[in-house]
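Here's a quick tour of a protein chain for anyone new to reading structures. Have the sequence and the 3D view open side by side, and hop between them as you go.

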Amino acid sequence: MEANSVSSGLVVKNTGSSYLVRTDVGEYVECKIKGNFRIKSIRTTNPVAVGDVVRFELNPDGSAWIYEIQDRRNYIIRRSSNLSKQAHIIAANVDLAALIVTVNYPETSLVFIDRFLITAEAYRVPACLIFNKTDCYSGDERAYLEQMRVLYEMLGYKTFAVSALYDANQDELKAYFSGKTVLLSGNSGVGKSTLLNNLMAKELAKTGEISVAHNKGMHTTTFSEMYELAQGTWLIDTPGIKGFGTVDMKKEEVGHYFKEIFAISSGCRFNNCTHIHEPGCAVLEAVGQHRIASSRYQSYLSILEDMDEGKYR
């Protein structure tokens, strides 16, 4: 690529201080952001995200500077732990958000699952659940796993059950991912990087052991990165996250992103029903009749509670 040239490309890696961009001709260029560029997106910790299509300028000294982001089709965002900013964009222009879930070693909470799913709903990103470490579970844990699969499949979410370590046949996952840009997310220690390495059939992402003392995973992925699984199929590896705080939602909108709550809420007596205490609430009636899973309703309440208290979880 000639110096002083302008080009465009796909952001495939975020290192915190710079971005790796894959150009239209398959070259890789390390780019930084011009100082004034950051001011345009002060509501997020990262103005540029993996998955963004950007334009950049290559200077005679070999440095490259991103100066424009093309309009995003969508993005996945979460509340940032940095109190000076509102949110962190995990990835942009994704076709599927895949959450890696473990029943144990460590346990993924149902509240975490539901927060991830409603965030995907809010940003119009299809989502699926991948239950990992099936080789580790007891009989009761396997039964619980199947109950969760039934719950989320009934809500319209595709689910998979795999063992990233031992399952050689991950053809079903590869077929489902084919032609898509897929965000892989999950708590630390759920085997996300191991699964990615197996899907790619090569060692790409570092893997870590589970902390026995706390049965929690240790962070092994520091920054987001995209890998090309096949022509037109990209996998985005993301750092393990402890919590998933919702962003840019009003209290009255939260129920819209729980598919079953939204469907039943049309029967509520009041249009602005919060589904907590109002008379004639169709949602409360459905919860009492077990037509809405109590775990899903508790997740709904926990989000409203966080909004009241200004908490981050």
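Let's start with a term: a residue is buried when its relative accessible area is under 20%, exposed when it is over 50%, and partly exposed in between (1.4 Å probe, protein chains only). By that rule, buried residues make up 50% of the 313 residues in this chain. The model is predicted, so local features need pLDDT of at least 70 and side-chain atom pairs count only at pLDDT 80 or more, while totals for chains, interfaces and linings use all residues. Residues are numbered from 1 along each chain as its sequence is written, and side-chain values use heavy atoms, with hydrogens and water left out.

**The overall build**

- You'll find nine helices and 15 strands in the chain. Helices (H or I, at least four residues) and strands (E, at least two) are DSSP runs, numbered from the N terminus.
- A contact means heavy atoms within 4.5 Å. Of the contacts between residues at least 6 apart in sequence, 64% join residues at least 24 apart.

**Helix H3, one side at a time**

- H3 covers residues 139–154, which is 16 residues. From its first C-alpha to its last it reaches 23 Å, close to the 22 Å expected at 1.5 Å a residue. That expected span is 1.5 Å times one less than the number of residues.
- Which residues of H3 are buried? They are Glu141, Leu145, Met148, Leu151 and Tyr152. These cover an arc of only 125 degrees around the axis, so they sit on the same side of H3. The arc is that of the directions from the helix axis to the C-beta atoms.
- Here's the background: an α-helix has 3.6 residues a turn, so residues three or four places apart point the same way.
- Gly139, Gln147 and Met154 are exposed on the other side of H3.
- After H3 comes Gly156, with a positive phi near 100 degrees.

**Around Asn74**

- Asn74 lies in the loop between strand E5 (64–69) and strand E6 (75–79). Its relative accessibility is 9%, so Asn74 counts as buried.
- A polar atom of the Asn74 side chain lies 2.9 Å from the backbone oxygen of Val94. That's a polar contact: a pair of N or O atoms within 3.5 Å, where, within protein, one must be able to donate a hydrogen and the other to accept it, and residues adjacent in sequence count only if both atoms are side-chain atoms.
- Setting aside neighbours within four places in sequence, Asn74 is in contact with Ala92, Asn93, Val94, Tyr123, Arg124 and Val125.
- Asn93 is in the loop between strand E7 (87–92) and E8. Asn93 has a phi near 55 degrees, a positive value in a residue other than glycine. Its relative accessible area is 11%, so Asn93 is buried.

**Rings and charges**

- The structure holds five aromatic pairs. Rings of Phe, Tyr and Trp (its six-membered ring) pair if their centres lie within 6.5 Å; planes under 30 degrees apart count as stacked, over 60 as edge-to-face and the rest as tilted.
- Tyr75 and Tyr123 have ring centres 5.1 Å apart and planes at 40 degrees, so this pair is tilted. The pair links distant parts of the chain, 48 residues apart: Tyr75 is in strand E6, and Tyr123 is in the loop between helix H2 (110–122) and strand E9 (127–131).
- Phe258, Tyr297 and Tyr300 form one aromatic cluster.
- The charged end of Arg72 sits over the ring of Tyr75, 5.9 Å from its centre. "Over a ring" here means NZ of Lys or CZ of Arg is within 6 Å of the ring centre and within 35 degrees of the ring normal.
- Lys180 does this with Tyr176, its charged end 4.9 Å from the ring centre.

**Ile236 in its strand**

- Ile236 belongs to strand E15 (residues 233–237). With a relative accessible area of 0%, Ile236 is buried.
- Ile236 and Leu184 are 52 residues apart in sequence, yet 5.8 Å apart in space, C-alpha to C-alpha.

**A cis peptide bond**

- Where's the cis peptide bond? It joins Tyr105 and Pro106, with omega about -5 degrees.
- Tyr105 is in the loop between E8 and H2, and has a positive phi of about 65 degrees although it is not a glycine.
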